[in-house]
Amino acid sequence: MKVQPMALPSAPLLHELYRATPGYFALLGCPVPSLQEVTRDIETALYDPRRRLELLYQEKELVGSLDYKLDYPQAGDVTINLLLIREDVQSRGLGRQVVRDLEKRLPHSQRLLASVLGDNVRAVQFWERLGFAFATDARPVMTWYAKPLHQQARPNQPLLTSGN
């Protein structure tokens, strides 16, 4: 899997990926974002030095995107905001491959968290199969799942603190 950081010129590619994954947006009860909205989101992300947006390629084919934030909600944490795999290539192990690769790229991080928007049972099952455990209920908007990484989790540290 090849990972390419996003920049503003990536907006049309991300928009096409979103258009190829309408089921995700239907699950959230919202339309696929417009190109203008995608451009604005990338621009906003580029102002946050901890946020990473990546396009995911299998060979030369765009198959997904990854949006995550370093040191959030706490130092040593990495939170995956969105891992999106194009609908026509889902259930082929690509998401698992992306997460495993990300874990290897985070040698100094202590925890990996994933937010699940809405009532997305399939996403919950995905994260649990990868060793994540339920952390915090922030419904109706989202739930959080967490997994300790390479190092031992800090003593007496909850999976996710309240108020974050």
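1. **What you are looking at.** This is a predicted model, in which local features need pLDDT of at least 70 and side-chain atom pairs count only at pLDDT 80 or more, while totals for chains, interfaces and linings use all residues. Residues are numbered from 1 along each chain as its sequence is written, and side-chain values use heavy atoms, with hydrogens and water left out. Helices (H or I, at least four residues) and strands (E, at least two) are DSSP runs, numbered from the N terminus.

2. **The sheet.** Two strands pair if DSSP finds at least two bridges between them. E1 and E2 pair in the antiparallel sense over 4 bridges, and Gln4 stands opposite Leu55 in E2.

3. **Helix H1.** (Axes are lines fitted to C-alpha atoms, for helices over the stretch in contact, and angles run from 0 to 180 degrees between N-to-C directions; contact means heavy atoms within 4.5 Å.) The buried residues of H1 (residues 11-19) are Ala11, Leu14, His15, Leu17 and Tyr18. Seen down the axis of H1, they fall within an arc of 160 degrees, so they line one face of the helix. The arc is that of the directions from the helix axis to the C-beta atoms. Buried means under 20% relative accessible area, exposed over 50%, and partly exposed in between (1.4 Å probe, protein chains only).

4. **Helix H5.** After H5 comes Gly131, with a positive phi near 95 degrees.

5. **The nonpolar cores.** A nonpolar core is a set of buried Ala, Val, Leu, Ile, Met, Phe, Trp, Tyr and Cys residues joined through side-chain atoms within 4.5 Å. The largest has 26 residues, and Leu66, Ile80, Leu83, Val99, Leu112, Trp127 and Phe132 touch the most other members. E3, E4, helix H4 (94-104), E5 and H5 each supply at least two residues of this core. A second, separate core of 16 residues includes Leu14, Leu55, Tyr57 and Leu82.

6. **Salt bridges.** A salt bridge is a side-chain nitrogen of Lys or Arg within 4 Å of a carboxyl oxygen of Asp or Glu, and the count comes to 11 salt bridges. Asp41 and Arg51 meet in one of them (3.6 Å, N to O); this pair links Asp41 in helix H3 with Arg51 in strand E2, 10 residues apart. Asp67 and Arg51 meet in another (2.6 Å, N to O). Asp67 lies in strand E3 and Arg51 in strand E2, so this pair ties together parts that are 16 residues apart in sequence. Both Asp67 and Arg51 are buried, whereas Asp41 is partly exposed at 32% relative accessibility.
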